[in-house]
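Biologist: Please take a close look at one part of this model for me: the sheet. I want to know how it is put together and what packs around it.

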Amino acid sequence: MKHETNDLLRSALKRVNSTIRSLGRGTQFDWKRMRSDWSPAQNFAALKRLMERGHFQFVNDVNTKTHPDGIISKLGDTAVAQYLLVQKSASATATNVAFFASGQPFGVTLYGGLSTTEYNPVRLLCGGVGTVTMTSDASAAIAVGDILVGVSGGTVKTNVATSTQILVVGIAVEACANGATGTDKEFEVMPTLFHKTV
């Protein structure tokens, strides 16, 4: 039943896209990003968030507008999957971000990830409201309360470093198993951003 109902929602979004095209607007629903493992209600809620926070908040210039919900709109240097850490672009720093490799991450991609041609939402690690979903690097199990650090490629893991300073990007509020794959690697996190000596 879930699959059939998602098919109905997908069909309705295709019709909405047809109407948007006929009106000459460029922004459309990317219905291919719908998740089959989610209920129609979850998919619809994600699409509503995308419209409310992604497509209608294009301006990121601090001199003209702020983002009180901690969500900004960015393009990706390359396509970036959902729930990955991002950092500033190597070139187009005003409009683009890249997946985290090293240095200073500042946000995490939301549902649907990032496109190179269409602005999509990025949740700032500090300044937002509520929890976010992040992706484990699957190298080890993550327990509730674990301190999380970024891994090249935008994933996260439990900190294991000692006698050094680390950059904390979140605290796990949901457990994630060792070797998890697919959507099982996605888990709930309280985002943050601070240095800590361990």
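Modeller: Two residues are in contact when heavy atoms lie within 4.5 Å. Take the contacts between residues at least 6 apart in sequence: 57% of these join residues at least 24 apart. The model is predicted, so local features need pLDDT of at least 70 and side-chain atom pairs 80 or more, while totals for chains, interfaces and linings use all residues. Numbering starts from 1 along each chain as written, and side-chain values use heavy atoms, without hydrogens or water.

Now the setting. The chain holds 2 helices and 10 strands (DSSP runs, H or I of at least four residues and E of at least two, numbered from the N terminus). Along the sequence, the order is α-α-β-β-β-β-β-β-β-β-β-β. The chain has 198 residues, and 41% of them are buried (under 20% relative accessible area with a 1.4 Å probe; exposed is over 50%, partly exposed in between).

Here is the sheet. Five strands form an open sheet in the order β6-β10-β9-β7-β8, and the pairing is antiparallel. Strands count as paired with at least two DSSP bridges between them. The edges are β6 (132-135) and β8 (156-158). Each edge strand has a single partner, so one of its sides has no neighbour in the sheet. On average, neighbouring strands here are turned by 55° against each other, direction ignored (axes are lines fitted to C-alpha atoms; angles run from 0 to 180 degrees).

Look at β10, residues 186-197. Its antiparallel link to β6 is made by 4 bridges. Thr-135 has Glu-186 of β10 as its bridge partner. Strand β9, residues 165-172, also runs antiparallel to β10, and 7 bridges join these two. Ile-166 faces Lys-196 of β10 there.

What packs around these strands? The largest nonpolar core has 15 residues (buried Ala, Val, Leu, Ile, Met, Phe, Trp, Tyr and Cys joined through side-chain atoms within 4.5 Å). Leu-85, Met-134, Leu-148, Val-156 and Phe-187 have the most contacts inside this core. Strands β6, β9 and β10 each give at least two residues to it. A second, separate core has 7 residues, among them Val-80, Val-97, Leu-114 and Val-122.

Leaving aside residues up to four places away in sequence, Phe-187 touches Val-132, Thr-133, Met-134 and Thr-135, along with Ser-136, Ile-142, Leu-148 and Val-156. The list of its partners also takes in Ala-172, Glu-174, Ala-175 and Cys-176.

Where does Pro-105 lie? Pro-105 is in the loop between β3 (96-99) and β4 (107-109). Its relative accessibility is 1%, so Pro-105 counts as buried. With residues up to four places away set aside, Pro-105 touches Leu-85, Val-86, Gln-87, Phe-100 and Leu-125, plus Leu-167, Val-169 and Leu-193. From Pro-105 to Leu-124 is 19 residues along the chain, with 9.3 Å between their C-alpha atoms.

Last, Asn-120. This residue sits in strand β5, residues 120-124. Asn-120 is buried too, at a relative accessible area of 1%.
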